[in-house]
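Subject: Structure handover

Hello,

Here is the structure I promised to pass on. Please open it next to this email and follow along.

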Amino acid sequence: MLNFSVLKTKVEISPLFFVVLTAFLITDRMGIALWVVVFSLIHEFSHFLILIFCREAPAKVSLKAMGIQMELSDSMEKSVKIAVLSAGFLTNFILSALFFSLKNSVFCMINLFLGIFTAFPAPSKIACATIPVVPANTDHTNENKQITE
């Protein structure tokens, strides 16, 4: 694992990232793997554009075997986190609509798939920062008490 920092952002790069990426590109029989990579990079770049616009930086960026993971700072405002997290899949949906209107069904479907896949955080997904939906001051002390009568 290669570790270094760029400004305030910690960067981790796993050699397996390049192994998986190379295998993905080499084994592509349909000729779309390169376009999936290009549109994935555009997706990731849109997250960074919003961060730059909001004068923020990710706390950590990791290139792992299954993709790119960006961790946001805990001190970042919730509205900025929502904007950053939404930027990627919204970019893919906009590109999908653009390519649909241009009658390029392959590029439309690639972006639609990427947008749907990244719009919904899932436990098995590697590349997602999450925003807690339960307020921090919620009192959970009575949840585990048993009532005996």
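**Overall fold**

Please keep in mind that this is a predicted model. The protein has 4 helices and 4 strands. Along the sequence they follow the pattern β-β-α-α-β-β-α-α. The chain counts 149 residues, and 30% of them are buried. I also looked at contacts between residues at least 6 apart in sequence. Of these, 54% join residues at least 24 apart.

**The sheet**

The 4 strands form an open sheet. Their order is S1-S2-S3-S4, and the pairing is mixed. Strand S1 (2–6) and strand S4 (67–71) are the edge strands, each pairing on one side only. From one strand to the next, the twist averages 15 degrees.

As background, strands of a sheet pair through backbone hydrogen bonds, and the sense can be parallel or antiparallel. Both senses occur here. S2 and S3 pair in the parallel sense, over 4 bridges. S3 and S4 run antiparallel and are joined by 5 bridges.

Some residue pairs to find on screen:

- Lysine 10 stands opposite lysine 60 in S3.
- Isoleucine 13 stands opposite leucine 63 in S3.
- Lysine 64 has glycine 67 in S4 as its bridge partner.

S3 connects to S4 by a hairpin, through 2 residues.

**The salt bridge**

How many salt bridges does the structure hold? It holds 1. The partners are glutamate 12 and lysine 60, and their closest N and O atoms are 3.2 Å apart. Glutamate 12 belongs to strand S2 (residues 9–13) and lysine 60 to strand S3 (residues 60–64), so the pair ties together parts that are 48 residues apart in sequence. In general, side chains of opposite charge can pair when their charged atoms come close.

Is glutamate 12 buried or exposed? Its relative accessible area is 19%. The cut-off for buried is under 20%, so glutamate 12 counts as buried.

**Helix H2 and glutamate 44**

H2 lies across S3 and S4. It runs at about 15 degrees to S4. Glutamate 44 sits in this helix, which covers residues 33–53. With a relative accessible area of 16%, glutamate 44 is buried. What does glutamate 44 touch, leaving aside its neighbours within four places in sequence? It is in contact with Ile68 and Met70.

**Helix H4**

Helix H4 covers residues 105–119. Its length checks out. At 1.5 Å a residue, its 15 residues should span 21 Å, and the end C-alpha atoms are 21 Å apart, which agrees.

Which residues of H4 are buried? They are Phe107, Cys108, Ile110, Asn111, Leu114, Gly115 and Ala119. These residues cover an arc of only 165 degrees around the axis, which puts them on the same side of H4.

The buried residues of H4 pack against H2 and helix H3 (78–101). On the other side of H4, Ser105 and Phe113 are exposed.

Two residues deserve a look in the loops.

- Arginine 55 is found in the loop between H2 and S3. Its phi is near 55 degrees, a positive value in a residue other than glycine. Arginine 55 is exposed, with a relative accessible area of 78%.
- Lysine 103 lies in the loop between H3 and H4. Its phi is near 60 degrees, again a positive value in a residue other than glycine. Lysine 103 counts as exposed, at 74% relative accessibility.

**Where to look**

For a quick tour, take these stops in turn:

1. Glutamate 44 and its contacts with Ile68 and Met70.
2. The buried residues of H4, packed against H2 and H3.
3. Arginine 55, in the loop between H2 and S3.
4. Lysine 103, in the loop between H3 and H4.

Best wishes

Technical notes: Residues are numbered from 1 along each chain as its sequence is written. This is a predicted model: local features need pLDDT of at least 70, side-chain atom pairs count only at pLDDT 80 or more; totals for chains, interfaces and linings use all residues. Side-chain values use heavy atoms; hydrogens and water are left out. A salt bridge is a side-chain nitrogen of Lys or Arg within 4 Å of a carboxyl oxygen of Asp or Glu. Buried means under 20% relative accessible area, exposed over 50%, partly exposed in between (1.4 Å probe, protein chains only). Contact means heavy atoms within 4.5 Å. Two strands pair if DSSP finds at least two bridges between them. Axes are lines fitted to C-alpha atoms, for helices over the stretch in contact, and angles run from 0 to 180 degrees between N-to-C directions. The expected span of a helix is 1.5 Å times one less than its number of residues. The arc is that of the directions from the helix axis to the C-beta atoms.
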